[in-house]
Amino acid sequence: VIFTDDLTTARLVSKWRPAVPIIVVTQLEQVARQCSSFFAMTPMKVDSVTTVNEMMPAVAEFARRNNLAKLEPGDDESDQVVVLSGMGMNMVGTRLEMTTFIFGDESVQLVKPTAYLGKDTVTFKSTKVGVDIVCAPVFTVRKTKIV
């Protein structure tokens, strides 16, 4: 799931042709129309975006309704959703925040029982590494000595 009002991040993810669908949550009709031009992108047009935690139930329902993901509790599968959004839900820009949501009762088996209370959704956030850094091309320096 990618929250964006420009397709920069979504295009970077689509470039690698993931085996799972990419749900692009956007406020702009133009961005929603452009999603059909890229691999595995499905647009979800919304009127306003609040926070990732508040938007995820609507995104999960959208995924179920369009047969993009089952996200069913009790099916013995760990239904994980990776969410990319701008820092502080900024819809434009390259500073990204990555969040992983685990749906269903199976999340109890994935997390060690240290301080986990057994809720249905677990959230992990990482702001140190963004998709823009991971997907950026790496240029190696040629170390050939010419005599």
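**A salt bridge and its surroundings**

Tutor: Glutamate 61 has a relative accessible area of 39%, so it is partly exposed. Please keep in mind that this is a predicted model.

Student: Which residue does glutamate 61 meet in a salt bridge?

Tutor: Its partner is arginine 64, with the two side chains 3.7 Å apart, N to O. Arginine 64 counts as partly exposed because its relative accessibility is 33%, which lies between the 20% and 50% cut-offs.

Student: How are arginine 64 and glutamate 61 placed in helix 3?

Tutor: They are three residues apart in helix 3, so about one helical turn separates them. In general, an α-helix has 3.6 residues a turn, so residues three or four places apart point the same way.

Student: And how many salt bridges does the structure hold?

Tutor: The structure holds one salt bridge.

Student: Let us stay with helix 3. How many residues has it, and what does it span?

Tutor: Helix 3 covers residues 52-65, which is 14 residues. From its first C-alpha to its last it reaches 19 Å, close to the 20 Å expected at 1.5 Å a residue.

Student: Which residues of helix 3 are buried?

Tutor: The buried residues are Val52, Met55, Met56, Val59, Ala60, Phe62 and Ala63.

Student: What do those buried residues pack against?

Tutor: The buried residues of helix 3 pack against strand 1 (2-3), strand 2, strand 3 (41-45), strand 4 (79-86) and strand 5 (96-103).

Student: Changing topic: what is the volume of the largest pocket?

Tutor: The space in the largest pocket is about 470 Å³. Its lining includes two or more residues from each of strand 2, helix 3, strand 4 and strand 5.

Student: Which element gives the largest share of that lining?

Tutor: Strand 4 does, with five residues. The pocket is lined by 25 residues, and those nearest its centre are Val1, Val20, Pro21, Val81 and Val82.

Student: Now to strand 2. Is threonine 26 buried or exposed?

Tutor: Threonine 26 has a relative accessible area of 0%, so it is buried. It belongs to strand 2, residues 22-26.

Student: What does the side chain of threonine 26 reach?

Tutor: The side chain of threonine 26 reaches the backbone oxygen of threonine 4, at 3.1 Å.

Student: Where is aspartate 47 found?

Tutor: Aspartate 47 is in the loop between strand 3 and helix 3. With 75% relative accessibility, aspartate 47 counts as exposed.

Student: One more residue, then: which contacts does serine 14 make, leaving aside its neighbours within four places in sequence?

Tutor: On that basis, serine 14 is in contact with Ile22, Phe38, Phe39 and Met41. Serine 14 lies in helix 1, residues 8-15, and counts as buried because its relative accessibility is 6%.

Student: To finish, in what order do the elements of the protein run from the N terminus?

Tutor: The order is β-α-β-α-β-α-β-β-α-β-α, with five helices and six strands. Of the 147 residues, 35% count as buried. Among contacts between residues at least 6 apart in sequence, 46% join residues at least 24 apart.

Key
Residues are numbered from 1 along each chain as its sequence is written. This is a predicted model: local features need pLDDT of at least 70, side-chain atom pairs count only at pLDDT 80 or more; totals for chains, interfaces and linings use all residues. Side-chain values use heavy atoms; hydrogens and water are left out. Helices (H or I, at least four residues) and strands (E, at least two) are DSSP runs, numbered from the N terminus. Buried means under 20% relative accessible area, exposed over 50%, partly exposed in between (1.4 Å probe, protein chains only). A polar contact is a pair of N or O atoms within 3.5 Å; within protein, one must be able to donate a hydrogen and the other to accept it, and residues adjacent in sequence count only if both atoms are side-chain atoms. The expected span of a helix is 1.5 Å times one less than its number of residues. Contact means heavy atoms within 4.5 Å. A salt bridge is a side-chain nitrogen of Lys or Arg within 4 Å of a carboxyl oxygen of Asp or Glu. On a 1 Å grid over the protein atoms alone, a cavity is a set of points where a 1.4 Å probe fits but cannot get out, and a pocket is an open set with protein on both sides within 12 Å along at least five of seven lines; lining residues have an atom within 4 Å of a point. Grid points are joined across faces, edges and corners, and a volume is the space filled by probe spheres set on the points.
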